[in-house]
Amino acid sequence: MKRGFPMSYFWGMCSPKRMFANRTSFGWGKLIFIFVFLTACLLIPVSLHFAKQDSFDLESLMPNMMQQVDEAFVSEVTASYALQNGTLSGQPSETRLENKSGIAMVNLANSDRPDAKNMLVLGKNSMELRDSSGYAFTVKYTDDASLEGITSPTDMQAWISGQWYVQNKAFVFLTMSAMLGSVLFASSLMLTLFAALFIWFTKRNQMSEIGSYKEALSLTLLALGLPTLFATVIGLIYFDVTVMMAVQSLGMVLMIAFTFIKTRFRQTDDILELGGRAG
């Protein structure tokens, strides 16, 4: 029974002999579609992970700003100020602590603020975050925000991160998804192209019947199918990009090795018959 695309791809990736038989079944357009599909599969765990995330380590993004949150500042803020219904109140209207790297301050009167590269300013209804790395944010307090329970710099840093994340969840989702997506795309592309190039070189051996680079690329993408789907499932269960990439690359190498063991990269009658079924 002949199979149309994309069923011919899914059917072909399930065994080494089918992979070799299907190496001539796809044109360049279909090969590009297959690669995009496999990359999109890897992006599913990435998107779901950041969509479900309810916190973010802001210190990794603004480390110098976070250094301004020390014991003295925490003690001053928790002892003199209160935050209710999104409004910070207390006395004095301005408290400023400076060091060599930056400034941490409370500014309820909206007075002029110093021009510091690293700065944390707690205002009446919002806070200003500035880091020498180039990032700067103004974060409005949430209505349920409170300073209760903050007893250490670590607590306040976590509180600042939480307030920032509520307002910038979309920014985190798009930025991190794009960044990790680019890493996965580049990794998959390099893996595919170099593996296909290696297979193509086997045509110099008279025992190999890989006729062109397109055939080698088709065989590589067929070998990449099951490992990519398996890596996607692992990513849904336990999200770790390095583990996903390792599973994908190791799985592809094993599938290509099994294909060589089963076929020696040569046509046989049973392989020709499988190729006919692919259509």
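Biologist: In which sense do strand E6 (residues 126–130) and E7 pair, and over how many bridges?

Modeller: In general, strands count as paired if DSSP finds at least two bridges between them, and the elements themselves are DSSP runs numbered from the N terminus, with helices (H or I) of at least four residues and strands (E) of at least two. Here E6 and E7 pair in the antiparallel sense, over 5 bridges. Glu-128 has Thr-138 of E7 as its bridge partner, while Leu-129 stands opposite Phe-137 in E7. The hairpin of these two strands has 5 residues between them, and in it Gly-134 takes a positive phi near 115°.

Biologist: Before we go further, what kind of model is this?

Modeller: It is a predicted model, in which local features need pLDDT of at least 70 and side-chain atom pairs count only at pLDDT 80 or more, whereas totals for chains, interfaces and linings use all residues. Residues are numbered from 1 along each chain as its sequence is written, and side-chain values use heavy atoms, with hydrogens and water left out.

Biologist: In what order do the strands of the open sheet lie?

Modeller: The order of the 5 strands is E3-E4-E5-E6-E7, and their pairing is mixed. Strand E3 (94–98) and strand E7 (136–140) are the edge strands, each pairing on one side only. Angles between elements run from 0 to 180 degrees between N-to-C directions, using lines fitted to C-alpha atoms, for helices over the stretch in contact. With direction ignored, neighbouring strands of this sheet are turned by 10° against each other on average.

Biologist: Which strands does helix H5 (residues 71–80) touch?

Modeller: A contact means heavy atoms within 4.5 Å. Helix H5 packs on the sheet and touches E3, strand E4 (103–107) and strand E5 (119–123), and its direction makes about 10° with that of E4. Helix H6 (residues 153–201), in turn, lies across E5, E6 and E7, and runs at about 100° to E7. Strand E7 has a covered face with Phe-137 and Val-139, and an uncovered one with Ala-136, Thr-138 and Lys-140.

Biologist: How many disulfides does a search of the whole structure find?

Modeller: A disulfide is a pair of cysteine sulfur atoms within 2.5 Å, and the search finds 0 of them. Cys-14 is in no disulfide, as its nearest cysteine sulfur, in Cys-41, is 14 Å away, and that distance is too far for a bond.

Biologist: How many helices and strands does the protein chain have, and how spread out is it?

Modeller: The protein chain has 9 helices and 7 strands. The radius of gyration is taken over C-alpha atoms, and the globule rule is 2.2 Å times the number of residues to the power 0.38. For this chain the radius is 28 Å, well over the 19 Å that the rule gives for 279 residues, so the chain is more spread out than a compact globule. Its C-alpha atoms fill a box of roughly 90 × 35 × 30 Å along the principal axes.

Technical notes
Buried < 20%, exposed > 50% of the residue type's maximum accessible area, 1.4 Å probe, protein only.
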